[in-house]
Amino acid sequence: DGEVHISELKNGSTEMFWNPTSEVRRQRLKRHIVLFEEQTDFESERLWQHVTSAINKGDQHKATQEKFVLEEEQRNAARERRESGTEWKPLLFQHDAGTNEWRYKYEDLRPWDPLNDIAQFEKDGILQTMERHLSTRMSNHKATCINNQITRHKRSAKDCRRRKTSDQPSNHSQNTESSCSTPESVQELSDDDGKYLGFESLCAQCGKEMNHLKEIHSAVLSLQKAQQDIHR
């Protein structure tokens, strides 16, 4: 946030290397943090609050004292777990026996996909990615297919009732009306109720989209495995 200068030792000259202007600050990504009152006891900002406060006040002695208190509490807790045989189970990290390192459980090593990935964020310590799924487009198309077929079915059923009514005497109209196959609750059908109307399959485009999604999913899994191998 401040100025950075380069000093030339040979001649003692100094020149400006970096000076963040107000325009630069306006272009920065916004910083989002969990509200202090919502943080758990072991989150950094809450855990180290007294050390941070002492550093901000320039009280190095107080900061050292507070740091010692924290570390001593952690040593005592580890000693008590060891004596009682209690296993320490981290919530967000797991031990990698191969590298003897602790790794974040929910790390995302895949490349960023600008066509599908919208934003990445952390919730309750878990890294998550908001995605623009192709399945959404497919679901919309599927719904359109079903609605179109329902509309055609309702239209043909209406014609059926009209023909039945005109062909039969009025005293038989009630019986013939019931012979039509259109359910009254057709407008309440969900996307999965296509079979109720005899639509065992939708259009060819739906099947093509489904196969395309499977191919993409398979490719993504392959990329993820390659990324993990590279990282390892």
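Q: What do β1 and β2 form, and how many residues are between them?
A: This is a predicted model, and in it β1 and β2 form a hairpin with 6 residues between them. Gly-12 lies in the turn and has a positive phi of about 80°.

Q: What makes strand β1 and strand β2 a pair, and in which sense do they run?
A: Strand β1 (residues 4-7) and strand β2 (residues 14-18) share 4 bridges. Pairing requires at least two bridges, so the two strands count as paired. The sense is antiparallel. Within this pairing, Val-4 stands opposite Trp-18 in β2.

Q: Why is α3 called roughly antiparallel to α4?
A: The axes of helix α3 (residues 49-56) and helix α4 (residues 60-84) cross at roughly 170°. Angles over 145 degrees count as roughly antiparallel, so α3 is roughly antiparallel to α4. The two axes come within 8 Å.

Q: Which residues in α3 and α4 meet?
A: From α3 come His-50, Val-51, Ala-54 and Ile-55. They meet Lys-62, Ala-63, Glu-66, Lys-67 and Leu-70 in α4. Sorted by class, this contact has 5 nonpolar, 1 polar and 3 charged residues.

Q: What share of the residues in the protein is buried?
A: Of the 232 residues, 13% are buried. A residue belongs to this group if its relative accessible area is under 20%.

Q: How many helices and strands does the protein have, and what pattern do they follow?
A: The secondary structure comes to 7 helices and 6 strands. Along the sequence the pattern reads β-β-α-α-α-α-β-β-β-β-α-α-α.

Q: Where in the protein is confidence lowest, and where is it highest?
A: Confidence is lowest in helix α6 (residues 173-179), with a mean of 41, and highest in α3, at 96. For the protein, the mean pLDDT is 77, and 69% of the residues reach 70 or more. Over residues 170-201, pLDDT stays under 50. For that stretch the model has 31 contacts beyond four places in sequence.

Methods. Residues are numbered from 1 along each chain as its sequence is written. This is a predicted model: local features need pLDDT of at least 70, side-chain atom pairs count only at pLDDT 80 or more; totals for chains, interfaces and linings use all residues. Side-chain values use heavy atoms; hydrogens and water are left out. Axes are lines fitted to C-alpha atoms, for helices over the stretch in contact, and angles run from 0 to 180 degrees between N-to-C directions. Angles under 35 degrees count as roughly parallel, over 145 as roughly antiparallel, 65 to 115 as roughly perpendicular and the rest as oblique. Contact means heavy atoms within 4.5 Å. Ala, Val, Leu, Ile, Met, Phe, Trp, Tyr, Cys and Pro count as nonpolar, Asp, Glu, Lys and Arg as charged, and the others, Gly among them, as polar. pLDDT is the predictor's confidence in each residue, from 0 to 100. Buried means under 20% relative accessible area, exposed over 50%, partly exposed in between (1.4 Å probe, protein chains only).
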